[in-house]
Each structure stands twice: as structure tokens, then as C-alpha cells.
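Morning, everyone. Let me put the structure on the screen, and then we go through strands and helices in turn.

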2 protein chains.
Amino acid sequence: MRVVPELPRKDHGGRNLSTFLSTYSNKVDRKGRVSVPAAYRAALSGASFQGVIAYPSLTDLAIESFGREMLERMNQERLSRSMEGGAFEEVLLGGGNDSVVETVMAMAHELPFDGEGRIILPAALCEHAGIDDRAVFVGRGSRFQIWAPEPYAKRQADEVAKFRQRLNGGGAS
Amino acid sequence: MRVVPELPRKDHGGRNLSTFLSTYSNKVDRKGRVSVPAAYRAALSGASFQGVIAYPSLTDLAIESFGREMLERMNQERLSRSMEGGAFEEVLLGGGNDSVVETVMAMAHELPFDGEGRIILPAALCEHAGIDDRAVFVGRGSRFQIWAPEPYAKRQADEVAKFRQRLNGGGAS
DNA sequence: TGGGTATATATGGGTGTCAATGGGAACAGA
DNA sequence: TCTGTTCCCATTGACACCCATATATACCCA
């Protein structure tokens, strides 16, 4: 498939916005490399940093991921607020252990694309997600996740079952 | 890993902004030298002062750190606030005994990079953080921390546990 | 509409280069 | 002279970059 380099879209604030769609299962080679789906790469093609940010999900056995812009934006917003609000203690000491942003920053990895559009999955992340030799990329809109095949299949089935039950009180036909 | 010299990014005020990401554990050699992670150095590569500012955290057994630009920006912001607010006493006599900024300034060290991108951790800081022969660099967005391995592992686990509980009232599924 | 060809994606592997680290020589201050 | 600091060079292991291949599909042309 040939994927078109995707024109950058803007959100309300005039910032770039990438959308990740669909699910892909790719091979992890013996060096720990895995191809990021071309469609995802196309969504990030306008970004200054060619690669992704990845961190362990706090709720799932999966890796959470998005473009660097997302982090950058959170970081800037946070710092500006503190500075302009005169909250210098926050700048110097941090938000204490109450800040999700700071926790995620510490666990996040910057994964640049190689010439072929692959990334290297750090051992810590693979371990968290139980990823061995296959990685499933799951588009979640402004984010995507990376799962090991089996846990994802299970999770997917659970999600579907749950919604089916909620929507029509039992099996769709 | 080869780290790209990182293009300087600007925040709202048109100032440079560096983002510190990820966690790295580096060796402290017998001379007290530690390599600052290449990614952090890249984030500071545009700065006029090649090195970092470091001071003991007032809330954790850790060292807090960032580039000199951050200090200057904070000072400037603080000064303008005082001036514009007509708080000339503060400018001339200091913010009184409750000024975190001034307390931190006094405890801060300027640590220049050597040719290999290492810094020397002052004994006082090492002692405060309990650092012996390993230093863990923890990215917190606009700043980073330096911890001894064991206390950081504990702290990290605490943070994650707390957010997990807040998010779904229990462990990952 | 069908077939053929070009191209991009996903993948595998080799190698030069850089980051992290260690040690020694030059140097300054006490 | 002795101690501590700064600069320089050597080592090694990881990985960034290069090239090479197969498969699928987009596109062209008859």
C-alpha cells in the first residue's frame, strides 16, 4: 500500500493534530526493531521530530504513544502557567508527587524513526506490555497503543462484549 | 545512541525551552564525575552556558536541576512582577524569609560539562541525595532530578501506584 | 477489464560512529 | 610538595545508518 504524506490538520487552537486509526500487527526483529505502520508515520510526517514518544500505560498492559508535539505542548503550557502565575515554587520543586505529567515524563522514551520508519522498543516497555516478537499497533485517535497480540485479542473481545451488552442487552445478530 | 543537536524550540514568550524526558542510570566514577545523558545535553545544546544548575530538592531526597536559562527566566519574571506591583521593598531587601526562590539560589551550584559531557556532583548534593556510585537522571519536563537508585525505585513505584488507584481503583488488567 | 510493471512497505543484516566510562598527564592553589 | 581539578586520550558496547530482499498493491497500458 502506498500511503500519502498527510497534510497537517489543525485543532481549534491552530496547532497540528495527528489522528491514528486502525490496527496493525508487525514483527519485532531480533534487534528489537519494529516498523511503525506507514499510516501512522504519515500522520506524523509534518512534525519536527520524526519519531514517537512512548510510555507504559498506567491502566493496561500496553504501551501508550503519540507524537512529540503532544508532550511539548503539555510541558510548555504547564511551565507558562507556573511562571505567569508567579508559582515559582512549582518551577523549582515540581508539583510534588501529584503530577501525572511529571510521572509520565520520567517513564517516557523518545523513539526516533530509522531510515525505514522503524523504532526500537526499549526493554522496559516490552516487558511491561509482554511484547516478544510481535507488536500490535492500535489507533486510538490522538494516541495509539502497542500491545502484545494475545492480551490485545482478549482486551478487544472484552470491549466488544461489554458494549454489545450495554447497547442491546445481549448478542447482536 | 547518537543524539541529534536538537533545534531550539520557543515557548509563548519566544524563549527557548528544553524538555527533559526519560530516565537514565549512570555511573559515578571515583573522581565524582557522571555523564549527563546525551539527550539532556542535546536539549541544552543551544544554551550559552554549557552545563547545568543543581540544588537539593526541598521536598525529596534528590537533586533538582535545569539549564541556566531557566534560572534567568525565573529571575526576570520575579523581578518584573515586583516592579510592576510596586513592591520595591522586595526588590531592595529581598522577599523575606518565605522566599523559596532566594533560598534555592543560595543552595544552587553551577556545574559545567567537561569535554565528554560529564559534571562533578558536589559532595553536599551527593550527601543530600544519598548518591554513592550510581546516579539516576529523571526527566520531569522543564527540569530533571538526580536520585540514588534505591530511593528512586521506591518513589517511582509510589507514584505509579497512586495514579493507578486514582484511575481505576486497582492494578492493571 | 486484465495483465504487467514499478514502487513502497515491511523486513533482515553488516558496519561505522558515538555515548558512556576509565585512566593519566598537565596544571593550579594551598 | 601535596592535593585536587581540568583537559586529553583509550576502550567498549550499543545503535544509527546503510544496503539488500520479498511481498503487496497502485498504476499504466493494451
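I start with the ground rules, then take the strands, then the helix contacts.

This is a predicted model: local features need pLDDT of at least 70, side-chain atom pairs count only at pLDDT 80 or more, and totals for chains, interfaces and linings use all residues. Residues are numbered from 1 along each chain as its sequence is written, chains are lettered from A and ligands numbered from 1 in the order in which they are written, and side-chain values use heavy atoms, with hydrogens and water left out.

Helices (H or I, at least four residues) and strands (E, at least two) are DSSP runs, numbered from the N terminus.

Chain A, strand β6, residues 63–66. Are its faces covered or open? Both are covered. I63(A) and S65(A) sit on one side, E64(A) and F66(A) on the other, and all are buried. Buried means under 20% relative accessible area, with exposed over 50% and partly exposed in between, using a 1.4 Å probe and protein chains only. In a regular strand the side chains alternate between the two faces of the sheet.

Now the neighbours of β6(A). Strands count as paired if DSSP finds at least two bridges between them. β5(A), residues 51–56, runs antiparallel to β6(A), with four bridges. The two form a hairpin, with six residues between them. P56(A) has I63(A) as its bridge partner. Then there is β10(A), residues 144–147: three bridges to β6(A), again antiparallel. Here S65(A) is partnered by F144(A).

Over to chain B. Which order do the strands take in its open sheet of six? It is β3-β9-β10-β6-β5-β7, with antiparallel pairing. The edges are β3 (23–27) and β7 (109–112), each pairing on one side only. From one strand to the next, the twist averages 30°. Axes are lines fitted to C-alpha atoms, for helices over the stretch in contact, and angles run from 0 to 180 degrees between N-to-C directions.

Within that sheet, β6(B) (63–66) and β10(B) (144–147) pair antiparallel over three bridges. Contact means heavy atoms within 4.5 Å.

Next, helix on helix. In chain A, α2 (68–84) and α4 (100–107) pack at about 140°, axes 11 Å apart. They are therefore oblique to each other. The cut-offs: under 35 degrees is roughly parallel, over 145 roughly antiparallel, 65 to 115 roughly perpendicular, and the rest oblique. L71(A), M74(A), N75(A) and R78(A) of α2(A) meet V101(A), E102(A) and M105(A) of α4(A). That splits into four nonpolar, one polar and two charged. Ala, Val, Leu, Ile, Met, Phe, Trp, Tyr, Cys and Pro count as nonpolar, Asp, Glu, Lys and Arg as charged, and the others, Gly among them, as polar.

Last, two contacts across chains. α4(A) and α6(B), residues 149–168, have axes that come within 11 Å and cross at roughly 125°. So this pair is oblique. On the α4(A) side are V100(A), T103(A), A106(A) and M107(A). Facing them in α6(B) are Y152(B), Q156(B), E159(B), V160(B) and F163(B). By class: six nonpolar, two polar, one charged.

The other contact is α2(A) with α2(B), residues 68–84: axes within 10 Å, crossing at roughly 35°. α2(A) brings L79(A), S80(A), M83(A) and E84(A). α2(B) brings M70(B), R73(B), M74(B), E77(B) and R81(B). The tally is four nonpolar, one polar and four charged.
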